[in-house]
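Okay, thanks for coming, everyone. I'd like to walk you through one model today, so let me put it up on the screen.

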Amino acid sequence: MDPVNAQDGGGAGAVSRNEISGGAQHAPILQARDFTGPVTITTTPTVTPGPGPAVPTHLQDPRNWPLAANWDALSAGAHRSRPDADGDAVPPYIPRDIDADLRHRLGEAAEAGGLVLLVGDSTAGKTRAAHAAVRDVLPGHRVLDPGGVRDLLAVTGVVARAGVRYLVWLDDLERYLAADGLSPALLAELARLRVPVVATMRVRQYETFLARDHDDRTDTAGRILRMAHPVEVERVWSTAEVRRAEQSADERIEDAVAHHGVHGIAEYLAAGPALLQEWRHASRVGGHPRGGALVSAAVALARTGLGGPYAIELLAGLHDEFLAAAGGYALRPEPLADALAWATRVRHGATSLLVPASEMAYMPFDYLVDHADASVSQQVWEASLAHAADDEERLIIGSRAEREGEYGRAEAAWRPLAEAGHPMAMSLLGSYLGSPIGDDPKEAERFLKGAADAGDVVAMSNYGDLLMRQGRLVEAELIYWRAVDAGFHFAAGKLGFLQLEQGRSEEGEASLRRAVEDPDFTGAIFCYPLARLLEETGRPEEAVEMYLRAYRSGNHGSLSRLRQLPLRPEHLDELTRIYQLMAAGDHALFFDDLRHFLTDLGRPPT
């Protein structure tokens, strides 16, 4: 606390200087050299917080959290490889093309707080790259690895008074995206404390959570994911990465370089392709058809979004369907005990097809889940819903079903919750029913209105869309304003479109700007229409800046408009940097339009 000046009652002009440093003050503080006479203090009564989850013993003292410099990759969640002669199951780290960008973002997060998210396929090397970056950039930070959403919430009271520099590590971020889990507010508080949050997420899980966002139907999880521009970790290594791997003397990496074929180096090291092939070849006479069926049941459950681990009784009850589809008893299936032993046997010193989580509960190796392509049966969907742990898991299962085109399953997951007044379920179901596929606008309005009245801002926005489609513009504008006033600035973009359609250009521009400048959401998608408005109203310089923002956000149509506008050298420099960055990550093919654009302007990128 800054020094406090107080007039000394002992003499004119005398000054008494008092200072407070360190610790936390939970009561009023008076500072003076002397007090004469009675002192009365009136305060607001302290509110004692209600009971919450207990802080686990190993997380209570931040000084006992692991130091990043000494933190091992397996503890961070990296996949095992086969051990070397010394028993080390973690090969040397091979630098990836994303490392410079990742370290830059991590350094920024260490200074100002923020979420650094790595997204990629299973065994692409997300966790290993993040772990290496943390050790290199933040070696003196302590690592808070909560291990699950309950521990994350329990430890929130510890972090503000930690007294040490630390980072929050959220491997497999989807585990923390429950309705009562990680929130934008918690991330904002961590940013205020300048705490970096490092997270990883598999592509399939990332897309599943963002799938809730189609038709502008974004929930809390979607908002969190959109707070970070993800670092994408490619499964298949680039030519430059393979060349760096070729310089390694580690025999496991040498073997991966020689034999990885169409697979990634990290993928090969984690034995992913080998295990996938063994699972697919299990269903044959003389093979392990029952073991393969147990694995198939676990994979199918994981694909529905049901959280694990899965009890052996559940897997055994579902596996007959998969065994019958493969050939049934004509394959001479092995006894159940033998099947389980085969499925849980560690291969290549790395992992197993079914990974034990407790004595009789298992998870499928996540690489298998990401590479499964068979449709999920009705029996599995029903079992998944029947074994869902809570309402949040039922919402996830419904969203996964909708993404897979199983709309009836999605409605079956959401409707009971929606009828009971669950705001998110009402929002999801109402948005689906209001779409061309659901095609029930009356029911859609009932649920969207209910969710909006319960304070769901996304439902307010989608309710406005429904009203717009029905030509009820006055009602639509009112509901959009409700969403905007509640802090959901994405709805401001839609409000801007409505106002522009009615010829209210100044109001429309103000609304679009409000959406574009929102740091907490997808305002970037409104950059292009705002740029068009600026161009059409004779403000070319502002239009150029907004088109560039739109292009950075993925709107390639902006290039055709930029051709018609005056560009300064710094604009071309920025576009050249974008191209070079994409080319370094082997993405140049997707930015060929930019290469032609720069070449036509006499600035061919190198």
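Ground rules, then. This is a predicted model, so local features need pLDDT of at least 70 and side-chain atom pairs count only at pLDDT 80 or more, while totals for chains, interfaces and linings use all residues. Residues are numbered from 1 along each chain as its sequence is written, and side-chain values use heavy atoms, with hydrogens and water left out.

Let's start with the cores. By nonpolar core I mean a set of buried Ala, Val, Leu, Ile, Met, Phe, Trp, Tyr and Cys residues joined through side-chain atoms within 4.5 Å. Buried is under 20% relative accessible area, exposed is over 50%, and partly exposed is in between, with a 1.4 Å probe and protein chains only. The largest nonpolar core has 101 residues, and Val295, Leu315, Leu354 and Leu594 have the most contacts inside it. Which helix gives the largest share of this core? That's α13, residues 289-304, with 8 residues. Helices and strands here are DSSP runs, numbered from the N terminus: H or I with at least four residues for helices, E with at least two for strands. There's also a second, separate core of 31 residues, and Leu59, Leu152, Val158 and Tyr206 are among its members.

Back to leucine 354. Contact means heavy atoms within 4.5 Å. Ignoring neighbours within four places in sequence, leucine 354 has contacts that include Leu294, Val295, Ala298, Leu315 and Leu340.

Leu340 brings us to helix α15, residues 336-344, where Ala339, Leu340, Trp342 and Ala343 are buried. Looking down the axis of α15, those buried residues fall within an arc of 160 degrees, so they line one face of the helix. The arc is taken from the directions from the helix axis to the C-beta atoms. What does that buried set pack against? The partners are α12 (272-280), α13, α14 (312-326), and the strands β9 (354-358) and β10 (361-364).

Now compare that with α22, residues 457-469. In α22, 11 of the 13 residues are buried, so this helix is largely enclosed by the rest of the structure. Its buried residues pack against α20 (423-433), α21 (441-453), α23 (473-485) and α24 (490-501). End to end, first C-alpha to last, α22 reaches 19 Å, close to the 18 Å expected at 1.5 Å a residue; the expected span is 1.5 Å times one less than the number of residues. At the N-terminal end, aspartate 456 is the cap, with a side-chain oxygen 3.0 Å from the backbone nitrogen of valine 458. And just after α22, glycine 471 takes a positive phi of about 75 degrees.

Two single residues next. Leucine 575 sits in helix α29, residues 569-584, and counts as buried at 1% relative accessibility. Leaving out residues up to four places away, leucine 575 touches Leu548, Tyr551, Leu594, Phe597 and Leu598. Leucine 575 and leucine 548 are 27 residues apart in sequence but 8.2 Å apart C-alpha to C-alpha.

Glutamate 406 is in the loop between α18 (391-403) and α19 (407-419). Buried or partly exposed? At 28% relative accessibility, glutamate 406 counts as partly exposed. Again not counting residues up to four places away, glutamate 406 touches Val376, Trp381 and Ala401.

Last topic: salt bridges, meaning a side-chain nitrogen of Lys or Arg within 4 Å of a carboxyl oxygen of Asp or Glu. The structure holds 37 of them. Arginine 96 pairs with glutamate 241, with the closest N and O atoms 2.9 Å apart. That pair links distant parts of the chain, 145 residues apart. Arginine 96 is buried at 6%, and glutamate 241 is buried at 5%.

Aspartate 370 pairs with arginine 202 at 3.0 Å, closest N to closest O. Aspartate 370 lies in helix α16 (366-371) and arginine 202 in strand β6 (196-202), so the pair ties together parts 168 residues apart in sequence.

Then there's arginine 415 with glutamate 443, at 3.2 Å between the closest N and O atoms. This one joins α19 to α21, across 28 residues. Arginine 415 counts as partly exposed at 22%, whereas glutamate 443 counts as buried at 19%.

Key
A polar contact is a pair of N or O atoms within 3.5 Å; within protein, one must be able to donate a hydrogen and the other to accept it, and residues adjacent in sequence count only if both atoms are side-chain atoms.
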